[in-house]
Amino acid sequence: MPLTMPEEILLLTLDDATGRPIGLPGPAAELALAGAMLMELSLAGRIDTDPDRLYRVAAAPLGDAVLDALLARIGATTPERPSRWWIEQLMREAPKLRPAWLERLVQRGVLRREKGRVLWVLPDHRYPKEDGGTTEAVRERLRHVLLQDVIPDARDAMLVGLCRIAGLVPLLLSEAEAARAAGRVEQIAALEEMARALSAATRDLYAARGLH
């Protein structure tokens, strides 16, 4: 079974050696997970968005407990809320949602869970990559899209858009590669309506918080 977008994003944001989250600026990790969940529902044809609202277009469950719960919430929320509202909600919930997605990757055999303590007191949960090839496959797939003249499918276009929104492009490309591919990143990120909508909502959110 293919990995979901939240699972792929989590793999990209885990340190390959330690299994701990990579230090990312601002709320990038929370934003990436929130956006990935919404994009997965969009890709599955369950939600859509316009300038004023993000709304459910199909109620059929996907068979994924976390995504199906989110889909039900979107359908039950009245009045309908804009994309920015949902991003803010999911960003606040990301610390609780993240363990569920990590556990899914453990069950798939992609990660393993290790428990320890920092300074002999604070709990320390790490998720080293059991199957490092899976992460590398995700990274190389996106690198191929960004560095080669190929037409991306909808999933990869959304992932590139999400990486751009959350500032994750440096996890895929070197500084020199990113400079050369800047125009292509923008071009691909603009291909999918959901990526454009979340990008606009994120700009508004960052402006409201005084972030850049």
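Arg141 is partly exposed, with a relative accessible area of 28%; buried means under 20% relative accessible area, exposed over 50%, and partly exposed in between (1.4 Å probe, protein chains only). Arg141 forms a salt bridge with Asp156 at 2.8 Å, N to O, where a salt bridge is a side-chain nitrogen of Lys or Arg within 4 Å of a carboxyl oxygen of Asp or Glu. The model is predicted: local features need pLDDT of at least 70, side-chain atom pairs count only at pLDDT 80 or more, and totals for chains, interfaces and linings use all residues. Residues are numbered from 1 along each chain as its sequence is written, and side-chain values use heavy atoms, with hydrogens and water left out.

**Salt bridges between helices**

- The structure holds 19 salt bridges.
- Side chains of opposite charge can pair when their charged atoms come close.
- The side chains of Arg141 and Asp156 are one of these pairs. Arg141 lies in helix α5 (residues 132-147) and Asp156 in helix α6 (residues 154-166), so the pair ties together parts that are 15 residues apart in sequence.
- Helices (H or I, at least four residues) and strands (E, at least two) are DSSP runs, numbered from the N terminus.
- Asp156 is buried, with a relative accessible area of 6%.
- Arg143 and Glu177 also form a salt bridge, their closest N and O atoms being 2.8 Å apart. Arg143 belongs to helix α5 and Glu177 to helix α7 (residues 175-180), so this pair ties together parts that are 34 residues apart in sequence.
- Both Arg143 and Glu177 are buried.
- A network of salt bridges links Asp16, Lys129, Glu136 and Arg139.

**Asp64 and its surroundings**

- Asp64 forms a salt bridge with Arg104, with the closest N and O atoms 2.5 Å apart. Asp64 lies in the loop between β2 (53-56) and α3 (65-76), and Arg104 in helix α4 (residues 83-107), so the pair ties together parts that are 40 residues apart in sequence.
- Asp64 counts as buried because its relative accessibility is 10%.
- A polar atom of the Asp64 side chain lies 3.1 Å from the backbone nitrogen of Val66.
- A polar atom of the Asp64 side chain also lies 3.0 Å from the backbone nitrogen of Leu67.
- A polar contact is a pair of N or O atoms within 3.5 Å; within protein, one must be able to donate a hydrogen and the other to accept it, and residues adjacent in sequence count only if both atoms are side-chain atoms.
- Leaving out residues up to four places away in sequence, Asp64 touches Thr4, Trp101 and Arg104; contact means heavy atoms within 4.5 Å.

**A buried arginine without a salt bridge**

- Arg184 lies in helix α8 (residues 182-189).
- Arg184 is buried yet has no salt bridge, and the nearest side chain of opposite charge, Asp149, is 4.4 Å away.
- The Arg184 side chain reaches the backbone oxygen of Val150 at 2.4 Å.
- Not counting residues up to four places away in sequence, Arg184 touches Val145, Leu146, Gln148, Asp149, Val150 and Pro152.

**Aromatic rings**

- Rings of Phe, Tyr and Trp (its six-membered ring) pair if their centres lie within 6.5 Å; planes under 30 degrees apart count as stacked, over 60 as edge-to-face and the rest as tilted. By this rule the count comes to 1 aromatic pair.
- That pair is Trp85 and Trp86, which are edge-to-face, at 4.9 Å centre to centre and 90 degrees between the planes.
- Trp85 counts as partly exposed because its relative accessibility is 25%, whereas Trp86, at 1%, counts as buried.
- The charged end of Arg81 sits over the ring of Trp85, 5.0 Å from its centre. A charge sits over a ring if NZ of Lys or CZ of Arg is within 6 Å of the ring centre and within 35 degrees of the ring normal.
- The charged end of Arg53 likewise sits over the ring of Tyr55, 3.9 Å from its centre.

- Ala76 lies in helix α3 and is exposed, with a relative accessible area of 58%.
- The C-alpha atoms of Ala76 and Arg56 are separated by 9.1 Å, and these residues are 20 residues apart along the chain.
- Pro79 is found in the loop between α3 and α4.
- The peptide bond from Thr78 to Pro79 is cis, with omega near -5 degrees. Most peptide bonds are trans.

Conventions: Lys and Arg count as positive and Asp and Glu as negative; His and the chain ends are not counted.
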